[in-house]
Amino acid sequence: MNEYSIVNILEALKTRLDENNLLTVHSTSGIYPKAGFTFNKPITYHELEQFIAKNHLTLPTEYKDFLLLHNGAELFTNEYGYSFCLYSIEEMIREYNSMQDYSDVDYFLKNCYPIGYFVDRGTLLLDVSKFNQTNEVNVLLSGIETISFYCDLKTWLERMIIAQGNAYWEWFSKVVYFD
């Protein structure tokens, strides 16, 4: 396992959590609420391989590493629920089987796995369309529109942790021209 892995990212996060799996985060208006984290128990390597074979899945290593560490998680929870979650393998397969409702169903069924949910924004997808040729994986968010984060799962997760569960992709800047 290399230095920059999903396991290292999650282990680094866990070192910052208190005994109740809470993290003080900086929020708007200068308040510092505590956000919670729930990590599921891992799936065994044998169970994971059985799910992969039974369901004819092609899962990238970083997602397998996540499942072997935590078979699902809710991150940045507060009194209203969680900010986002990463599915267990069972939830992922259930969601994958219900993807017939998507407008771009053919592309999604051939190339994407639903790996989580971002509250009020949509389903997180792993686009593995280039995985067999190049090992590249891309995270998408499918809601009203489908957007690409142009990064893999570990990069997306690290950015989410740095942004404290906020939709960092909605932050933007604009070039300002002065007269």
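Q: How do the residues lining the largest pocket divide into nonpolar, polar and charged?
A: In this predicted model, the lining of the largest pocket comprises 6 nonpolar, 9 polar and 2 charged residues.

Q: Which residues lie nearest the centre of that pocket?
A: V25, S27, P33, N78 and N166 lie nearest its centre, out of 17 residues that line the largest pocket.

Q: And which elements give two or more residues to the lining?
A: Those elements are the strands β2, residues 34-39, and β3, residues 73-77.

Q: What volume does the largest pocket have?
A: The volume of the largest pocket is about 380 Å³.

Q: Let us turn to the helices. At what angle do α1 and α7 cross?
A: Helix α1 (residues 6-15) and helix α7 (residues 153-162) cross at roughly 15 degrees, and their axes come within 9 Å. Because angles under 35 degrees count as roughly parallel, α1 is described as roughly parallel to α7.

Q: Is that crossing left-handed or right-handed?
A: The crossing of α1 and α7 is left-handed.

Q: Which residues make the contact?
A: From α1, the contact involves I6, I9, L10 and L13, while α7 contributes L153, K154, L157, E158 and I161. By class, 7 residues of this contact are nonpolar, no residues are polar and 2 are charged.

Q: What about α2 and α3: how do their axes cross?
A: The axes of α2 (residues 45-55) and α3 (residues 61-69) cross at roughly 135 degrees and come within 10 Å. That angle makes α2 oblique to α3.

Q: What is the handedness there?
A: The crossing of α2 and α3 is right-handed.

Q: Is the crossing of α2 and α4 left-handed or right-handed?
A: α2 passes α4 in a right-handed crossing.

Q: Which residues of α2 meet α4?
A: L48, F51 and N55 of α2 meet I89, E90 and I93 of α4. By class, the contact of α2 with α4 has 4 nonpolar, 1 polar and 1 charged residues. L48 of α2 also meets α3, as one of the residues in that contact.

Terms used. Residues are numbered from 1 along each chain as its sequence is written. This is a predicted model: local features need pLDDT of at least 70, side-chain atom pairs count only at pLDDT 80 or more; totals for chains, interfaces and linings use all residues. Side-chain values use heavy atoms; hydrogens and water are left out. On a 1 Å grid over the protein atoms alone, a cavity is a set of points where a 1.4 Å probe fits but cannot get out, and a pocket is an open set with protein on both sides within 12 Å along at least five of seven lines; lining residues have an atom within 4 Å of a point. Grid points are joined across faces, edges and corners, and a volume is the space filled by probe spheres set on the points. Helices (H or I, at least four residues) and strands (E, at least two) are DSSP runs, numbered from the N terminus. Ala, Val, Leu, Ile, Met, Phe, Trp, Tyr, Cys and Pro count as nonpolar, Asp, Glu, Lys and Arg as charged, and the others, Gly among them, as polar. Axes are lines fitted to C-alpha atoms, for helices over the stretch in contact, and angles run from 0 to 180 degrees between N-to-C directions. Angles under 35 degrees count as roughly parallel, over 145 as roughly antiparallel, 65 to 115 as roughly perpendicular and the rest as oblique. A crossing is left-handed if the near helix is turned anticlockwise from the far one by less than a right angle, and right-handed if clockwise. Contact means heavy atoms within 4.5 Å.
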